[in-house]
Protein chains: 4
Amino acid sequence: MEKEHNLVPEDTLWKRFLYRVIYRSDTRLGKLFDIILLALILVSTLIIMMESVPKLDQRFHLTFIVFEWIISLFFSAEYLLRIMVVKNKKNYIFSFFGIIDFLALVPFYLSFFFPVTKYFLIFRMLRMLRVFRIFNLLDFMNDGYLIVRALKNSSRKIYIFLLFLIIFSVIVGSLMFMVEGGRTGFETIPQSIYWAVVTVTTVGYGDVSPITPMGKFFAVILMLAGYSIIAVPTGIVTAEMRNKRQNLEKICERCGNEDIDDDARYCKQCGKKLA
Amino acid sequence: MEKEHNLVPEDTLWKRFLYRVIYRSDTRLGKLFDIILLALILVSTLIIMMESVPKLDQRFHLTFIVFEWIISLFFSAEYLLRIMVVKNKKNYIFSFFGIIDFLALVPFYLSFFFPVTKYFLIFRMLRMLRVFRIFNLLDFMNDGYLIVRALKNSSRKIYIFLLFLIIFSVIVGSLMFMVEGGRTGFETIPQSIYWAVVTVTTVGYGDVSPITPMGKFFAVILMLAGYSIIAVPTGIVTAEMRNKRQNLEKICERCGNEDIDDDARYCKQCGKKLA
Amino acid sequence: MEKEHNLVPEDTLWKRFLYRVIYRSDTRLGKLFDIILLALILVSTLIIMMESVPKLDQRFHLTFIVFEWIISLFFSAEYLLRIMVVKNKKNYIFSFFGIIDFLALVPFYLSFFFPVTKYFLIFRMLRMLRVFRIFNLLDFMNDGYLIVRALKNSSRKIYIFLLFLIIFSVIVGSLMFMVEGGRTGFETIPQSIYWAVVTVTTVGYGDVSPITPMGKFFAVILMLAGYSIIAVPTGIVTAEMRNKRQNLEKICERCGNEDIDDDARYCKQCGKKLA
Amino acid sequence: MEKEHNLVPEDTLWKRFLYRVIYRSDTRLGKLFDIILLALILVSTLIIMMESVPKLDQRFHLTFIVFEWIISLFFSAEYLLRIMVVKNKKNYIFSFFGIIDFLALVPFYLSFFFPVTKYFLIFRMLRMLRVFRIFNLLDFMNDGYLIVRALKNSSRKIYIFLLFLIIFSVIVGSLMFMVEGGRTGFETIPQSIYWAVVTVTTVGYGDVSPITPMGKFFAVILMLAGYSIIAVPTGIVTAEMRNKRQNLEKICERCGNEDIDDDARYCKQCGKKLA
């Protein structure tokens with residue numbers, strides 16, 4: 001994610017040193033730094049959670065505040081250092097992790113003016129995704145990357161599916177609004193749409209459920225539909241996943257094509273016989 | 001969906017002009033028209049939803065009525081124009097979108113006599129499906145088409161599966177009616193069938209749930225069955241989906257290999273260049 | 001299902017005639033007979049359902065009784081006729097449909113002694129499975145057969161999966177019994193196991209749900225496990241289904257092997273080159 | 001699981017005899033021993049369940065205690081015998097079944113000091129996994145092994161998926177905590193995270209459900225997300241399962257084809273007889 005060769009010779013020695021410690025984890029100090037960072041993120045997340053529990057907040061209010069200050073100041077210092085020691089500052093600031101590092105700080109300073117924003121600090125958790133790099137979990141990263149890629153590749157199909165699903169839920173919800181005629185939980189169309197989504201996704205809270213026989217009959221049809229429809233996103237992702245599985249090991253020597261099936265004997269891009 | 005070459009030379013110029021604006025979106029005015037249409041559909045849908053909320057309806061009743069009239073009149077005019085400017089009128093009127101365009105109007109005029117039918121206007125949302133054409137989202141259309149085709153191709157298997165499921169639910173529901181012996185939620189067989197469907201589809205509202213130990217034991221078996229059965233529609237659609245990704249319409253002339261990916265340029269079996 | 005050539009020449013003519021009408025549907029009368037049968041099954045099922053609804057039973061009690069008698073006597077006559085006109089009587093009586101035809105009658109006669117058994121008449125619905133034959137829905141039968149075969153082939157894996165799931169649920173339920181310490185819904189271990197199954201299958205009635213923070217934490221882990229585990233039966237059936245798709249069209253001329261993949265060029269059983 | 005050739009000649013005859021009876025099931029006595037064991041495990045599990053039901057415990061308290069003592073003493077004797085008759089004692093003690101055999105005893109003796117631990121005896125159920133060996137269910141064992149292997153092989157991907165899911169649930173739960181602002185069920189962030197997991201896994205107890213329109217809107221989005229996300233673990237396991245069915249360990253020597261079914265005798269690519 002972060003470029004490694006952003007440092008030109010004229011950089012002072014301590015900048016180079018800090019760069020290695022902060023951005024990489026191939027030195028003992030660098031690893032230690034990363035582990036401390038990870039621990040602080042976890043502690044910070046737990047504190048935010050505990051602060052929201054009145055009982056705990058009353059007993060440990062001061063402790064929480066102190067810890068929050070310490071961690072937030074540490075993160076702020078770390079963020080500034082990250083910008084300082086990297087050559088291509090713009091690159092880092094607008095990278096995925098650069099933005100997350102920034103967002104992990106904003107709520108703290110914002111909470112002086114708008115106390116409620118404090119809870120947005122929970123987004124700090126996203127910094128944990130760095131964990132793969134820290135522990136050199138290459139295999140894990142690779143698998144994670146595969147999942148993300150499969151989702152990305154099937155995202156277009158999933159969007160269409162969701163559009164169908166939303167239109168379907170809106171129509172079903174409206175019909176149900178007419179059927180149940182304003183009974184508890186079906187007082188308005190948006191309420192009925194909420195019920196339709198709860199039902200079709202098989203979540204089924206039960207806070208809203210049909211009361212009239214007609215409504216129940218209708219619900220039964222919707223449930224059976226939802227039960228069959230769930231197969232669609234699964235089919236999409238499974239097909240995509242299976243596809244992605246094959247690409248990885250083989251590669252065409254001539255044209256560099258990586259999309260090679262297990263049973264292919266010739267590259268489908270350039271026709272070269274595969275080894 | 002709509003034929004483009006329905007116009008013969010003797011058509012007057014404004015007819016041709018209107019045809020291009022209304023039916024196609026390759027001119028600036030045509031695009032504008034489509035976007036306005038899309039916006040009106042969305043506004044119309046939102047108004048119907050908001051009208052069903054007593055609070056909002058009391059405050060904005062007049063506004064809603066006025067907007068509904070304007071939009072409905074606009075849609076009526078548009079519908080008539082569509083019929084006027086197209087050559088093969090019958091073709092359009094009985095096409096998928098022609099019927100939807102018509103159904104999007106009927107409830108408005110019907111609501112003068114039967115007020116409750118007004119809510120059927122929600123079907124206007126289906127007109128939104130034109131969105132793919134408007135924004136030239138060819139890739140999206142293609143993917144959507146793939147999903148629809150996979151569903152269509154596996155529809156026969158899904159119907160059979162649903163028939164099995166319904167028979168299964170009816171029998172299980174009746175058995176449960178005997179087991180729970182008329183307790184709350186199991187007073188009648190239809191009620192018990194409703195419970196069986198709620199359970200086997202894993203929706204689980206909880207408005208009806210077994211009370212006796214015997215009933216719970218029975219429910220546990222049903223849930224485990226439902227949990228295994230859910231695999232069936234998924235398996236059906238997944239198998240269909242995977243199939244559709246490849247075979248489509250290509251075949252290798254030399255070796256007859258039908259397993260050709262969309263992006264393949266050479267047969268992976270014999271290395272022949274594909275047409 | 002039913003053998004067609006059970007009739008030897010010495011059978012009287014009316015026996016032959018009745019055989020064609022009752023067992024087959026390639027004559028006009030035979031088709032009519034089947035459709036009447038189907039209608040009676042549907043009516044019979046609906047009556048049983050409606051009888052269980054006190055309101056309807058009070059108003060139409062006599063009608064229901066009369067119809068039940070008529071239909072049951074018709075079915076009895078039909079069953080006897082079926083046995084009479086078929087040559088290999090034993091074969092029919094112990095065939096799948098023969099047993100169902102018998103079970104569809106028993107509850108009626110049994111209900112004179114044990115009234116509650118009347119509701120078992122709902123099993124008559126299973127006779128509806130003949131519908132495929134009636135309407136000559138060969139494609140449907142074929143697809144239905146495919147589903148049944150895929151389920152049968154993966155049944156062993158699914159049994160193992162269910163055994164794992166049951167052991168898992170028993171252990172989780174017992175642990176939860178200790179965690180929630182006899183609170184509402186977790187008073188006994190069987191109750192807690194019921195909760196565990198409701199949760200792990202994602203049904204989630206909500207009639208029993210964890211109350212203590214510890215119990216909720218535990219439940220969260222269980223839900224995440226259940227969410228991942230659901231993939232297993234799906235994976236099993238999907239793999240089986242995909243496999244079964246290929247077998248049908250091709251067959252090896254030399255050894256009759258039907259298990260031939262789409263991309264196979266040689267029979268994997270005897271090595272013969274495939275056409 | 002257990003080594004069979006741990007016995008050297010100098011072992012006394014009764015040791016050899018007991019070894020065959022206890023560890024193997026190829027003698028009549030060995031089979032009987034295994035079946036008695038299985039029955040005792042089942043009885044023991046049922047007793048623990050029934051003991052937790054106050055009504056049953058009051059009536060049969062003494063019976064339960066007596067049975068528990070008998071079975072536990074039998075299991076203790078069996079465990080000691082198992083250690084005695086096996087040559088490589090360490091191997092057995094730290095094997096999978098050795099540990100389970102031990103854990104199946106500990107809670108009984110521990111319950112003299114800490115009564116609540118008695119319920120841990122439920123872990124005895126795990127001993128039932130030996131059932132496959134007892135009945136020589138080789139095919140079942142093989143299938144079970146396939147499932148376990150598919151899960152093991154996809155475990156890394158599932159861990160990553162669960163990590164994503166947990167981070168997602170924590171963030172969504174925290175946002176919901178702000179949206180619903182401390183209403184029933186959303187009083188604290190951990191509570192809201194509990195709700196998020198209940199929703200995203202489609203369990204949907206309904207003990208906590210959104211009340212404000214804003215919260216419901218939010219929940220709808222979460223449900224649709226969960227509905228799409230469920231495809232991911234399914235896709236992972238399905239891809240893995242399909243893979244395991246084929247490639248296993250075979251490969252064609254002549255053409256290198258690795259796509260060989262379990263029951264293939266000839267390579268389907270080149271027709272070579274397989275070893």
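**Entry 1. Ground rules.** I number residues from 1 along each chain as its sequence is written, and letter chains from A and number ligands from 1 in the order in which they are written. Because the model is predicted, local features need pLDDT of at least 70 and side-chain atom pairs count only at pLDDT 80 or more, while totals for chains, interfaces and linings use all residues; side-chain values use heavy atoms, with hydrogens and water left out.

**Entry 2. Chain A overall.** I looked up the secondary structure and found 11 helices and zero strands in chain A. Helices here are DSSP runs of H or I with at least four residues, strands are runs of E with at least two, and both are numbered from the N terminus. The chain is divided into domain 1 (13-136) and domain 2 (141-229), with bounds from an automatic or database domain assignment. I read 38 Å between the C-alpha centres of the two domains.

I then checked burial: 54% of the 275 residues of chain A count as buried. Buried means under 20% relative accessible area, exposed over 50%, and partly exposed in between (1.4 Å probe, protein chains only). The accessible surface of chain A comes to about 13100 Å², with 69% belonging to carbon and sulfur atoms; the areas come from the Shrake-Rupley method with a 1.4 Å probe, and for residues only the protein chains shown count as cover. Of the contacts in chain A between residues at least 6 apart in sequence, 53% join residues at least 24 apart. A contact means heavy atoms within 4.5 Å.

**Entry 3. Aromatic rings.** I counted rings of Phe, Tyr and Trp (its six-membered ring) as a pair if their centres lie within 6.5 Å; planes under 30 degrees apart are stacked, over 60 edge-to-face, and the rest tilted. The count comes to 65 aromatic pairs over all chains. Phe108(A) and Tyr109(A) have ring centres 5.1 Å apart and planes at 80°, so I noted the pair as edge-to-face. Phe108(A) is buried at 3% relative accessible area, whereas Tyr109(A) is partly exposed at 34%.

In chain B, the rings of Phe60(B) and Phe64(B) are 6.1 Å apart at their centres with planes at 50°, so this pair is tilted. The two are four residues apart in helix 3 (residues 54-85) of chain B, about one helical turn. Phe60(B) is partly exposed at 34% and Phe64(B) is buried at 5%.

I also found a cluster in which ring pairs link Tyr19(A), Tyr23(A), Tyr79(A), Tyr92(A) and Phe102(A).

**Entry 4. Charges over rings.** My criterion was NZ of Lys or CZ of Arg within 6 Å of the ring centre and within 35 degrees of the ring normal. Arg127(A) lies over the face of Phe75(A), 4.8 Å from the ring centre. The charged end of Arg82(C) sits over the ring of Tyr23(C), at 5.1 Å from its centre.

**Entry 5. Helix 5 of chain B.** In helix 5 (residues 96-103) I listed Phe97(B), Gly98(B), Ile100(B) and Asp101(B) as the buried residues. They fall within an arc of 165° seen down the axis, so they line one face of the helix; the arc is taken over the directions from the helix axis to the C-beta atoms. These residues pack against helix 3 and helix 4 (89-93) of chain B.

Entry 6. I noted a positive phi near 60° at Thr202(A), which is not a glycine. Thr202(A) is in the loop between helix 9 (189-200) and helix 10 (213-229) of chain A, and is buried at 3% relative accessibility. In chain B, Thr202(B) has a positive phi of about 60° and a relative accessible area of 3%, which is buried.
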